[in-house]
Amino acid sequence: MAYLHDADTIVASATPQGRGGVGVVRMSGPLSRVIADRLAGQTTLRPRHATLCVLRDTEGEPIDQGLLLFFPGPHSFTGEDTIEFQGHGGPVVMDAVLQAMIACGARSADPGEFSRRAFLNGKLDLSAAEAIADLIDSQSSRAAKLALRTLQGALADAVAVLVGALTRLRVFLEATLDFPDEELDVDQNTQIGDPLGDLLLSLDSLCANTEQGRILREGFTVVISGRPNAGKSTLLNSLTGKNSAIVTDIPGTTRDLIREHILIDGMPVHIIDTAGLREHADTVEQIGIERALQEVAQADLILYLVDDVAGWTEDDTRILARLPASVPLVKVHTKIDVSGAPPGVIDDVLYLSVVHGAGMDELRQLIKARSGLQHGGEGLFLARRRHVEALQEARRYLQAAQVLCEHRAAPELLAEELRLAHQALGRITGEFTSEDLLGEIFTSFCIGK
Ligand SMILES: Nc1nc2c(ncn2[C@@H]2O[C@H](COP(=O)(O)OP(=O)(O)OP(=O)(O)O)[C@@H](O)[C@H]2O)c(=O)[nH]1
Ligand SMILES: [Mg+2]
């Protein structure tokens, strides 16, 4: 990738605002070295050595004393000449250092601009750059550990293996385009069909791991749905151990979405209580129902609640038909303390009572099992929704290629599907990418990273 010789020199504080023992200011770009020399009044900065110095502003007034470090490009985080100044971590001092650097020709860095330059200069792939942000944002030691695995290439390496196999297949296919059709026919199954099948298997397993990584990063989203009065809000309150939602015996109590966050054996789960679904509702409730339906479409799992005393009704059948078929759904019958049904799973229906607590452990286990998350965490890493989507897209192209192969379609058509699959995979690491995507990713970073 191109080395950005003509880029601006950017500067930002790398340590957070506020008071601290040490404050780090980082500068990257072609003028870094010159600016540091000018402020420190010396030209003896040795690459990757700490030099004690006094920084002065453009008038020659001392600002701070500290260590200067010079990392010449391309062997720096950004790939460009980079200067780090480790001074005293006070907001006034740090600001004075920044202003002096800006007065000498640097400009304030945008959020994530250091990482963006690192990516553009080929120092980091996109998944690793994202993992840096995830590592910084980690809320638990487990998330931090998994983010570090992604940073160290757990996802990028797996994608590289797939891309390697795909490239071999593409090269073979492109070569066969020159041969007469009969010759290709003889080989198509073993030479293309078999490796394609292997590739799909590997892709499936990476897809599953990446989906787990996404759940570990974003949490598993469970939406509680069902008719009014089924006991949805009661279940939410029980799972979270708080009285987040109002519970009454009046149908139509809940209108707004109520979101809570819980951990099931360390797995982050978002639980969302929604308005009960029914045909004839007043204006406010109707809005609540629309919100509920929107939320259901985004969920990883729907818990469809039924009051076991009333049992399954025709309304339930009608509502179920309106819910998105693409989201997995589990039927949960509640209030068995009144109906007298035994707790547990019978014919794919979970029976429970929030009042007695019977069946609640089974529910937690069921949510965990449905998330697909396994114990141990070997081979796990943190991932994002866009990674999963790219893998799924690649899978669709490879499946299309497989169908074409089975029907002995023209190799040109096959080659095109493989090219598109390659492109989808390349978006994960940033081999193929758009300005929009880069903007979206890097602007969510903190300044100075
Ligand atoms: N006996 C018994 N009553 C329950 C149970 N779960 C909920 N209830 C009662 O059922 C009624 C309705 O409960 P909610 O949790 O408000 O029901 P909902 O599905 O949120 O209702 P809407 O918000 O109106 O859609 C309340 O009176 C609850 O106390 C249960 O497991 N056993
Ligand atoms: Mg409710």
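The largest cavity of this predicted model is lined by L277, R278, E279, I289, L293, D315, R318, I319 and R322. A cavity here is a set of points on a 1 Å grid over the protein atoms alone where a 1.4 Å probe fits but cannot get out, and lining residues have an atom within 4 Å of a point. Local features need pLDDT of at least 70 and side-chain atom pairs count only at pLDDT 80 or more, while totals for chains, interfaces and linings use all residues; side-chain values use heavy atoms, with hydrogens and water left out. Residues are numbered from 1 along each chain as its sequence is written, with chains lettered from A and ligands numbered from 1 in the order in which they are written.

**The cavity**
- The largest cavity has a volume of about 110 Å³, a volume being the space filled by probe spheres set on the grid points, which are joined across faces, edges and corners.
- The count comes to one cavity of 30 Å³ or more.
- Helix 9 and helix 10 (314-322) each supply at least two residues of the lining; helices (H or I, at least four residues) and strands (E, at least two) are DSSP runs numbered from the N terminus.
- Helix 10 gives the most to this lining, with four residues.

**Helix 9**
- Helix 9 (residues 283-298) has 16 residues and spans 24 Å from its first C-alpha to its last, close to the 22 Å expected at 1.5 Å a residue (1.5 Å times one less than the number of residues).
- Its buried residues are E285, G288, I289, A292, E295 and V296 (buried means under 20% relative accessible area, exposed over 50%, partly exposed in between, with a 1.4 Å probe and protein chains only).
- These buried residues fall within an arc of 125° seen down the axis of helix 9, so they line one face; the arc is that of the directions from the helix axis to the C-beta atoms.
- T283, Q294 and Q298 are exposed on the face of helix 9 turned away from the buried side.
- At the start of helix 9, a side-chain oxygen of D282 comes within 3.0 Å of the backbone nitrogen of V284.

**Backbone features worth a look**
- The peptide bond from G73 to P74 is cis, with omega near 0°, and P74 lies in the loop between strand 4 (62-71) and strand 5 (82-89).
- N229 is not a glycine, yet has a positive phi of about 70°; N229 is partly exposed, at 27% relative accessible area.
- R408 also has a positive phi, near 50°, and sits in the loop between helix 13 (385-406) and helix 14 (411-429).

Methods: A polar contact is a pair of N or O atoms within 3.5 Å; within protein, one must be able to donate a hydrogen and the other to accept it, and residues adjacent in sequence count only if both atoms are side-chain atoms. On a 1 Å grid over the protein atoms alone, a cavity is a set of points where a 1.4 Å probe fits but cannot get out, and a pocket is an open set with protein on both sides within 12 Å along at least five of seven lines; lining residues have an atom within 4 Å of a point.
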